[in-house]
Each structure stands twice: as C-alpha cells, then as structure tokens.
Amino acid sequence: MSDTLDEAEVAAGELRVALVKELEHDGSLRTPHWRDAALAVPRHVFLPTFYSAVDGSDGITRYTAVNRDTDAQAWLRLAYRNTTWVTQLDHSLTQSNSEPRTGTPTSSSTLPGVVVRMLEDLDVQDGMNVLEVGTGTGYSTALLCARLGDRHVTSVEHDAALSAAARERLATLGHQPRLVVGDGAEGCPGSGPYDRIIATYSPGRVPSPWLAQALPGAVVLVSLVGSLDAYGYAKLHVDDGEAQGRFLDSDVSFMLSRETRRPAIGPLMRAAVQARDNATALDTAIHPDLLDDPAFLWSAQLAVPGTTRLRLTTDHVTGRWFLHPDDSWAVLESGNDGTTRAFQGGPRALWAELEATASTWLSHGRPGLERYGLTVSPRTNTVWLDDPGHPVGILGE
Ligand SMILES: C[S@@+](CC[C@H](N)C(=O)[O-])C[C@H]1O[C@@H](n2cnc3c(N)ncnc32)[C@H](O)[C@@H]1O
C-alpha cells in the first residue's frame, strides 16, 4: 500500500469487498440490501483508534492502541477483520500510542458478523423507522442509514463524547441521522413510534419505554444478560402494549448497560474463601462442565438472580464459585484427579439451590436458549419454557 490517500482508499475498498464475501460465506450477510450497505460503509472511518488485547502470563489483559500512526497498513487491514475491536477503555477517549495499558472496555465496534446478522434479523423494509440503542462508534448506525435513509434512523448513546465522535464520522460520509445522548433504557423520549428497536448493548431486561415507543407489529431485537453472564438473544413482536417472542440462541452478546450495577466481587470472594476453610464438604452429582454450560447458566441466573460467578484455579484444583450479595456463597471444587466436592455458606443454601435448578433443568431435557421465550408487559419481563403457559422466571434489572 502506498502513502497516497487514493491508494489507501482503493485498499480499503478491496478489504471491504473481502469482508463482505466472508460474511456472505459464513451466512451472517443474507440479502442484497444489507450486502449493498456493508459494501457502502467504510468501517475504518469508525475505527480511527482501537485496541488490540493481549492476555499476559499474569492473567491480566493489556491493550495496545492501533491507529494510522502506529502502523497505517496494519491498522487498515485489522479494521476490516471480522473481529470486535475495543474502542474505549475506562470511559475515556484519550489514548496514548506508547505503552500497553490495562483497563475496562467501555465501548467497542462489534464483530461485523454479529452486526449484520442482527440487521438481517431485524427484517426491515423501506420506509421503516428504526431506534438503535448503543451508538458506539456509529458503524452500525451508518449501515442503517445506508439501508433506510438518515431520516429513518435514531440512535441513542450513553456517552456524550462517543455520540459526538460518531456524529462527526457519520457526517464525513454524508449521514445525519438523529443521534441522542441518554440512557437507552428510556428509548428516545418524545420520538417514535418505531417499527424496529435494536439494542447493541446488553440490558438485564426489556425496558418498558421501548414498548411505549414501538408501533403495533414492531420487532424488538435484544441480547439480554443476567448476573451469571449468560446471554439470551431475543426477537420480540409488539402487539397490544406487550412484546413477546423467542430467544434465538446465546451467541449474540454485548457489553452490559452502563446503568448495570454489580456488587464488588473482591470483598464477597475474600469472605467466602475464608469461610470455605471451616465448611463441610458436600457430596454432589453435578459435573463441573454443567456449571460452564451457557444454557444451564441461563436457567440458573433466573433461579438465583443477583448471584455472580468466578472461576479460580490453585494447586491443581479448580473452584467454580457462586457469590450472592447477601454473603451466601457456594463452590464446586474439581481436582485434576477427577474428584469433585461442593461447599456452601452464608444465610442461604446456595449450593442446594443450584442443585435443585440443575435437576429441574436436566428433567426438562437440558433446554437450550431456543426453547425459551419472553413476554414483556409494561411491568414485567416473564421468561417461559416452550410456551407462555410455562413461566420459569422473571428478569430483573
Ligand atoms: C458494543 S458498543 C456498540 C457498538 C456499535 N453499535 C458499533 O457498531 O460500533 C455498546 C455501546 O452501548 C453503549 N451503552 C451502554 N449502555 C448504554 C445505555 N444504557 N444507554 C445507551 N448506550 C449504552 C456503550 O457506551 C457502547 O458505546
């Protein structure tokens, strides 16, 4: 690649064609309309700087900035990789190109395969109005603009600096959708109603303002997440002030909503590890692999909401820990020799609750996400198994 702008644009165009071919080949890009949009929108414009992540031998992930200045060729090539790129750490858009740094990702450009899969799942038609929550870099917003026209697209972002940056990038491509700063859980108050609502962050439940801002017949696409970090990607249809539909799978996941509040895990873990030394081992028939199964974790987080989990390996023993903010805890320890032992402590018998959940889940035939569905009313999000007459849990924040 030469340094001239024209040649860089040609290279970007070729990389875009290759990415589109890959997305068609893997089945995420399925229709000519979205193919045209994906060909029209240059992803690198939305990724002036992103972070490549390396997991250190100390278990800590470090991030190195990638941009035109660090290595123009690598930057462009990587921007068109079918990869999620972290674009913001610790809520800050300022970055240094020098040393790798630690931090918590707070925004990203989602895997293009997931972006286009969701847009295909949205089933849009010409003239429809779409509300996107989670503008991020603006890349998916640009795809919506390319497909539907700017005046049909509204996008809400929590972070004002990200929204402003997305606005500038969209403008360089000639797009001027309505961009709003706010909590996506409020939708876009005073606007709508919308034919389609699509979330590119993961909330714990479908917020009721989305119902209020959706037209009858609207589709809501959202990946919901619970306290055990199990995701459920749902496609809901709005009718008569309610939304109902099925979970498609657990494969679509996003960053948590910025409004999600989780308990500090350190103090809970320290207290649980101390209490474990005096706890009595329990016999258990639960295999450790079950506790890593996303479908089981989905049903478990419905049964023990607010519980978080952590996996810790020391001295050839892996502990799968479950911690509740009320100081209840449970752990399944599995050794390299195949032995397993469970322990629990605190005000409630968390291990017994997890065992009961496992036995119910197994008796239902190990249901995957596609057997679950969701009914959203203005007050409640009710998860059901197989049909709405079989409720299995309520989603919290
Ligand atoms: C995975 S990124 C979005 C990716 C984006 N669609 C793209 O193509 O680049 C998720 C974004 O959701 C935003 N977000 C998180 N919680 C939010 C909330 N409650 N309301 C609005 N935006 C939120 C984050 O700031 C982040 O920019």
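**Exercises on a sheet and a helix pair**

Helix H8 (residues 265-276) lies across S12, strand S13 (317-323), S14 and S15, and runs at about 120 degrees to S13. Contact here requires C-beta atoms, placed from the backbone, within 7 Å; angles run from 0 to 180 degrees between N-to-C directions, with axes fitted to C-alpha atoms, for helices over the stretch in contact. Helices (H or I, at least four residues) and strands (E, at least two) are DSSP runs numbered from the N terminus. The model is predicted: local features need pLDDT of at least 70, side-chain atom pairs count only at pLDDT 80 or more, and totals for chains, interfaces and linings use all residues. Residues are numbered from 1 along each chain as its sequence is written.

**Exercise 1.** Determine the strand order of the open sheet and name its edge strands.

*Solution.* Strands pair if DSSP finds at least two bridges between them. The four strands follow the order S12-S13-S14-S15 with antiparallel pairing. S12 (308-314) and S15 (340-345) are the edge strands, each pairing on one side only. Direction ignored, neighbouring strands are turned by 15 degrees against each other on average.

**Exercise 2.** Classify the orientation of H2 and H5.

*Solution.* The axes of H2 (residues 32-40) and H5 come within 9 Å and cross at roughly 125 degrees. Angles under 35 degrees count as roughly parallel, over 145 as roughly antiparallel, 65 to 115 as roughly perpendicular and the rest as oblique. H2 and H5 are therefore oblique to each other. The contact is made by His 33, Trp 34, Ala 37, Ala 38 and Ala 40 of H2 with Leu 143, Ala 146 and Arg 147 of H5.

Note on methods: Contact = placed C-beta atoms within 7 Å.
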